[in-house]
Amino acid sequence: MPPVVDARNLYSETNGPAKMLPVVREDLERIYVPNLRSHDVYVIDPAKMKVVDKFKVGDAPQHVVPSWDLRTLWVANNAERKLTGSLTPVDPRTGKPGKNVAVDDPYNMYFSPDGKSAIVVAEARHRLDFRDPHTMAMQYSIDVPKCGGINHADFSIDGRYAIFTCEFEGSVAKVDLVKREVLGYLKLKMPATRLKDKPVLQGLPDTEICTSKKGMPQDIRISPDGKRFYVADMEADGVHIVDGEALKEIGFITAGVASHGLYPSRDGKSLYVANRGSHKIHGGRKGPGSVTVIDFATDKITARWPVPGGGSPDMGNVSADGKWLWLAGRFDDVVYRFDTGNGEVKQIKVGAEPHGLVVWPQPGRYSLGHTGNLR
């Protein structure tokens, strides 16, 4: 693994355009949006604020994932429990797709910190498939049998282990990347109350008794100092804080209805939480979607940005300069651009059920996968 430059801030090498490697400087500045139900990718020019291209990919594209070496954007088409899963390579210099590579059940994809393997998250199989990062030929697999709905991950500061979220179990799994084995599972605690799944003009909805017996964890991100992991939970309406070394929950922050995506600011000081606005996997339009900003140093909420008129912020990332947070509007068939200075929101119409969009290019030395977890 490339050495950690600043142990106080793992995100130090992603702080702004000056940190971009020469290999990405000729790449097109674009937002790539996978649309789950229309089986295509829309391409947005952020300078023009409009869709400038679109192309068909495989069945049910879920996320667009930058490769470890930053030279390919992979569209993960998991085919939703059919046997037609694939990965579509996209050349970031031209914005054009290549030929699909047949891969079993690629719901999401990560890369080992040393760059030697692509980690295909085979959600329906309860399995992590380690593949050649270029050809996608199988290397080996790690079964994670007690992790129903395995989907998102982040990696320890030393790269020795990863923590994956188990969406349908309300838990997380700790995986040893050296010994290639599961180290343990942690059931996440549910709060006594949660937020009502109802639109409000501003602020947070009223609370209700939380009758759910287990959470629905989604995205996960490590703190800048590498000591804590933050886990977004759609059922709990907030973010669990987990000590990764001890595999123990040490805190919880109520953020918004159906907390889903997590993105650090470019300076590594804040965490943006995308709240999808519905506890349902297939929610309705114009829900109480929002973004919550958490200060990493204090775990305090510093801002809340509702989507005017309602919406469903899901997955995405921050622009290279840190000025914009781009998120897919999962149930509203739009993409949102949040101004990270004041929370102002603009929207662009895209395909049917947009999911894990990627903002490209991004600063950083290498990609750990997902929608641009760079370090």
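## Strand E5, enclosed

Strand E5 (residues 73–77) has five of its five residues buried, so the rest of the structure largely encloses it. Buried means under 20% relative accessible area, with exposed over 50% and partly exposed in between (1.4 Å probe, protein chains only). Strands (E, at least two residues) and helices (H or I, at least four) are DSSP runs, numbered from the N terminus. This is a predicted model: local features need pLDDT of at least 70, side-chain atom pairs count only at pLDDT 80 or more, and totals for chains, interfaces and linings use all residues. Residues are numbered from 1 along each chain as its sequence is written, and side-chain values use heavy atoms, with hydrogens and water left out.

In a regular strand the side chains alternate between the two faces of the sheet. On E5, Leu73, Val75 and Asn77 point one way. Trp74 and Ala76 point the other way. All of these residues are buried.

## Neighbours of E5

Which way do strand E4 (residues 61–66) and E5 run? They run antiparallel, joined by five bridges. Two strands pair if DSSP finds at least two bridges between them. His63 stands opposite Ala76 of E5. E4 and E5 form a hairpin, with six residues between them. In that turn, Leu70 has a positive phi of about 70°.

E5 also pairs with strand E6 (residues 86–91). Five bridges join E5 to E6, and the two run antiparallel. Leu73 has Val90 of E6 as its bridge partner.

## The whole chain

The protein chain holds 31 strands and zero helices. A compact globule of 375 residues would have a radius of gyration near 21 Å, and the 18 Å of the protein chain agrees with this. That radius is taken over C-alpha atoms, and the globule rule is 2.2 Å times the number of residues to the power 0.38. The C-alpha trace spans about 50 × 45 × 45 Å along its principal axes.

Of the 375 residues, 63% are buried. Contacts (heavy atoms within 4.5 Å) reach along the sequence. Among those in the protein chain with a separation of 6 or more, 49% are between residues 24 or more positions apart.

## Surface and charge

The accessible surface of the protein chain is about 14,100 Å². Carbon and sulfur atoms account for 51% of that surface. The areas come from the Shrake-Rupley method with a 1.4 Å probe; for residues, only the protein chains shown count as cover.

The chain has 50 positive and 46 negative charges. Their mean positions are 1 Å apart. Lys and Arg count as positive and Asp and Glu as negative, while His and the chain ends are not counted. Each charge is placed at NZ of Lys, CZ of Arg, CG of Asp or CD of Glu.

## Hairpins further along

E15 pairs with strand E16 (residues 181–187) in the antiparallel sense, over six bridges. Asp176 has Glu181 of E16 as its bridge partner. Four residues lie between the strands of this hairpin. In the hairpin, Arg180 takes a positive phi near 60°.

Strand E21 (residues 238–243) and strand E22 (residues 248–254) also pair in the antiparallel sense, over six bridges. Val239 stands opposite Ile253 of E22. This hairpin has four residues between its strands. Leu247 takes a positive phi near 50° there.

## Around Ala173

Ala173 sits in strand E15 (residues 171–176). It is buried, with a relative accessible area of 0%. What does Ala173 contact, leaving aside its neighbours within four places in sequence? Its partners are Val144, Cys147, Ala162, Ile163, Phe164, Cys166, Gly184 and Tyr185. Lys187 is 14 residues from Ala173 along the chain, and their C-alpha atoms are separated by 9.1 Å.

## Backbone exceptions

Ala60 is not a glycine, yet it has a positive phi of about 55°. It lies in the loop between strand E3 (50–56) and E4. Is Ala60 buried or exposed? Ala60 is buried, with a relative accessible area of 3%.

Asp105 is not a glycine either, and its phi is positive, about 50°. It lies in the loop between strand E8 (101–102) and strand E9 (106–111). Asp105 counts as buried, at 2% relative accessibility. Elsewhere, the peptide bond from Trp360 to Pro361 is cis, with omega near 0°. Pro361 is found in the segment after strand E31 (358–360).
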